[in-house]
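Here is a short briefing to read beside the sequence and the 3D view.

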Amino acid sequence: MIKTVRLYIVYFSIGMLGAITLPAAAQNLAFTSSPVQGNVHMLEPANTYGNVGIFAGDEGILIVDSHFQQTVGELFSEVEKISSAEVKFLINTHVHPDHIGGNSLLADYGVTIVAHDLVRMQMLSEIQIPRNGGTFTPQPAASARPVLTYTDAITFHLNGEEVRVFHAPPAHTGGDSFVYFVGSDVLHLGDVFRTRRYPIIDHYNGGSFLGMIDAMGLAIGMAGPNTKVIPGHGTGFTDRDGMIEFQQLLFTLRDRVQDLIDQDYSIEEILEARPSSDLDADWGDDPGWTADDLLPIIYKELAQ
Ligand SMILES: [Zn+2]
């Protein structure tokens, strides 16, 4: 397996440089690799898209999310530094391109791709994503589709511990998986949790702001004082307190928007009143997803 990977990296380096112009999102190829706890590492892409989880041991390697196709070579070289075991499984936490982009290449190596039922369904057509008012990305290749899907939960028994994958309440999308490495006591929450940014709610793919509050409540309820938490985006891993802080943000936004709805504000008047003004500097530092994107979604759910 590793020989194959090494060969691929050589091919990848030569082939990619000459033939393909990388999309802006994949320009900075390097990952920062950090041990999280137990058998789990986190690969943090320099371009801030899609943090990758690596669960490694003698029996094999399980990867959480595949980032972009163009970075699979670098992803494998980072994995090799952690372990020489075979990469056996890939879990997609949800359908977005920066979490499934490397799927086809990993499948070519014989890696088994696992996701919630809905993720496979969503990959059967082009994918609409919420940024910039709802843009489309092409339908993923057939080879990128999960070959093993689950409805409520599935458990891996690997490297002497359980890896529990389960369906979160509708939050970032409708097909979000949480991954809990029981022995290592590490949670990977995909994009349900991104640190120090307003949450992205993908209504096109079944996401829900109110569901995200429930999903974070579920994760917080599972976490103990020593649990480490990998966010889908954001710098470094965090813990139960980090999740509580994020959930408090959700509560604050919900309550403020509800208060204005109770005063018969329209969405235009809510945007004008800017109920998030004291939070924007701290949480709104993503030009592609600001309070102007999030507040209408909260309004829509609360005003129903
Ligand atoms: Zn996402």
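Over residues 1-26, pLDDT stays under 50. The model has 24 contacts beyond four places in sequence for residues 1-26. This is a predicted model, and where pLDDT is low, the predicted coordinates should not be read in detail. Across the chain, the mean pLDDT is 90. In the chain, 90% of the residues reach 70 or more.

- Most residues other than glycine have a negative phi.
- Asp65 is not a glycine, yet its phi is positive, at about 75°.
- Look for Asp65 in the loop between strand 4 (60-64) and helix 2 (72-82).
- Is Asp65 buried or exposed? Asp65 counts as buried, because it has 30 C-beta neighbours inside 10 Å and the cut-off for buried is 20 or more.
- Asp185 also has a positive phi, near 60°, and is a residue other than glycine.
- Asp185 sits in the loop between strand 12 (177-181) and strand 13 (186-188).
- Asp185 has 18 C-beta neighbours inside 10 Å, so it counts as partly exposed. That class lies between the cut-offs of 12 or fewer for exposed and 20 or more for buried.

- His116 belongs to strand 6, which covers residues 112-116.
- His116 is buried, because 29 other C-beta atoms lie within 10 Å.
- Which residues does His116 touch, not counting those up to four places away in sequence? They are Thr149, Tyr150, His167, Gly175 and Ser177.
- Thr93 is 23 residues from His116 in sequence. In space, the two are 8.0 Å apart, C-alpha to C-alpha.

**Helix 7 against helix 10**

- Helix 7 (residues 240-262) packs with helix 10 (residues 291-302) at an angle of about 65°.
- The axes of helix 7 and helix 10 are 10 Å apart.
- The crossing of helix 7 and helix 10 is right-handed.
- Helix 7 makes the contact through Leu253, Arg254, Val257, Gln258 and Ile261.
- Helix 10 contributes Leu295, Ile298, Tyr299 and Leu302.
- What is the make-up of the contact of helix 7 with helix 10 by class? It has seven nonpolar residues, one polar and one charged.
- Arg254 of helix 7 is the charged residue, because Arg counts as charged.

Methods
Residues are numbered from 1 along each chain as its sequence is written. This is a predicted model: local features need pLDDT of at least 70, side-chain atom pairs count only at pLDDT 80 or more; totals for chains, interfaces and linings use all residues. Helices (H or I, at least four residues) and strands (E, at least two) are DSSP runs, numbered from the N terminus. Two residues are in contact if their C-beta atoms, placed from the backbone, lie within 7 Å. pLDDT is the predictor's confidence in each residue, from 0 to 100. Axes are lines fitted to C-alpha atoms, for helices over the stretch in contact, and angles run from 0 to 180 degrees between N-to-C directions. A crossing is left-handed if the near helix is turned anticlockwise from the far one by less than a right angle, and right-handed if clockwise.
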